[in-house]
Amino acid sequence: MKILAFAGSNSAASINKKLVTYVASFFREHTIEVLDLNDYEMPLFGVDKIAKTGIPQQALDFAEKIDESHLLLISLAENNGAYTTAFKNIFDWISVIPERKAFWGDKPTFVMATSPGPRGGASVLNIASTTLPYYGAKIIDTFSLPGFHENFDSEKGITHAGAAAELQSKIEKIKADFLV
Ligand SMILES: Cc1cc2nc3c(=O)[nH]c(=O)nc-3n(C[C@H](O)[C@H](O)[C@H](O)COP(=O)(O)O)c2cc1C
């Protein structure tokens, strides 16, 4: 099975990339690819550009990565209560690829978020889990890690016992339900 993982952030030190890479490490028996949004930087989306310049190759490439995968792991950074511009730009470009049935690809998707603060990206997680299904994502579970810097260690992973247990049980359920 192919698993595609990425953070909704273009930060070089992205804590969401750290979280999603950590979560992906529990799926080692599968083929895992962790994307970096910086490799998919495109012009700022605008409807006029669709006719003028066409859809950037990076959007087509990103969509192909989604289409080739069996499961998506994503961890969204929260900027001003919503998606980062980097993520939304890719999302919008993919959404205008002609004849793409469900542009999120009908893929089972585990949506996560983390932030340094106490809400753990709750707003962006809520936006994603309530709206991505309208765009073809099958949200199979969600996970939020508040206080990233207090609760995550680069060697040990999640150090908060309750959060670690919650994540483990969600991963086990995903494996049982979606990765035979
Ligand atoms: C412009 C901007 C807006 C932000 N807005 C929020 C916010 O609304 N909620 C939040 O929890 N953190 C917010 N943050 C802090 C981010 O959660 C923090 O920068 C985090 O590291 C982003 O994730 P990343 O490292 O994966 O990019 C904001 C940061 C920036 C730079």
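Which residues in helix 3 meet which residues in helix 4? Let me start there, and keep in mind that this is a predicted model. From helix 3 we have A59, F62 and A63, and they meet I90, W93 and I94 of helix 4. Sorted by class, that contact has six nonpolar residues, with no polar and no charged ones.

Now for the geometry. Two packed helices are described by the angle between their axes and the distance between the axes. Here the axes of helix 3 and helix 4 come within 9 Å, crossing at roughly 85°. Helix 3 is therefore roughly perpendicular to helix 4.

Let's stay with helix 4 for a moment. Its buried residues are A86, F87, N89, I90, W93 and I94. They sit on the same side of helix 4, because the arc they cover around the axis is only 160°. As a reminder, an α-helix has 3.6 residues a turn, so residues three or four places apart point the same way. And what do the buried residues of helix 4 pack against? Strand 1, helix 3 and strand 3.

In soluble globular proteins, nonpolar side chains tend to be buried together. The largest nonpolar core in this model has 40 residues, and V20, L73, I74, L76, I90 and M112 have the most contacts inside it. Several elements each supply at least two residues of this core, among them helix 1 (15–24), strand 3 (71–76), helix 4 (85–95) and strand 5 (138–145).

Do click on L76 if you have the structure open. Setting aside residues up to four places away in sequence, L76 touches G8, N16, Y83, F87, V111, A113, G121, V124, L125 and A128.

Next, over to strand 5, where we find F143. Is F143 buried or exposed? Buried, because it has 21 C-beta neighbours inside 10 Å, and 20 or more is the cut-off. F143 and N126 are 17 residues apart along the chain, and their C-alpha atoms are separated by 11 Å.

Last stop: Q168, in helix 7 (residues 161–178). With 12 other C-beta atoms within 10 Å, Q168 is exposed. How far apart in space are Q168 and F26, given that they are 142 residues apart in sequence? C-alpha to C-alpha, Q168 and F26 are 8.9 Å apart.

Thanks, everyone!

How values were computed. Residues are numbered from 1 along each chain as its sequence is written. This is a predicted model: local features need pLDDT of at least 70, side-chain atom pairs count only at pLDDT 80 or more; totals for chains, interfaces and linings use all residues. A nonpolar core is a set of buried Ala, Val, Leu, Ile, Met, Phe, Trp, Tyr and Cys residues joined through C-beta atoms within 7 Å. Helices (H or I, at least four residues) and strands (E, at least two) are DSSP runs, numbered from the N terminus. Two residues are in contact if their C-beta atoms, placed from the backbone, lie within 7 Å. Axes are lines fitted to C-alpha atoms, for helices over the stretch in contact, and angles run from 0 to 180 degrees between N-to-C directions. Angles under 35 degrees count as roughly parallel, over 145 as roughly antiparallel, 65 to 115 as roughly perpendicular and the rest as oblique. Ala, Val, Leu, Ile, Met, Phe, Trp, Tyr, Cys and Pro count as nonpolar, Asp, Glu, Lys and Arg as charged, and the others, Gly among them, as polar. The arc is that of the directions from the helix axis to the C-beta atoms.
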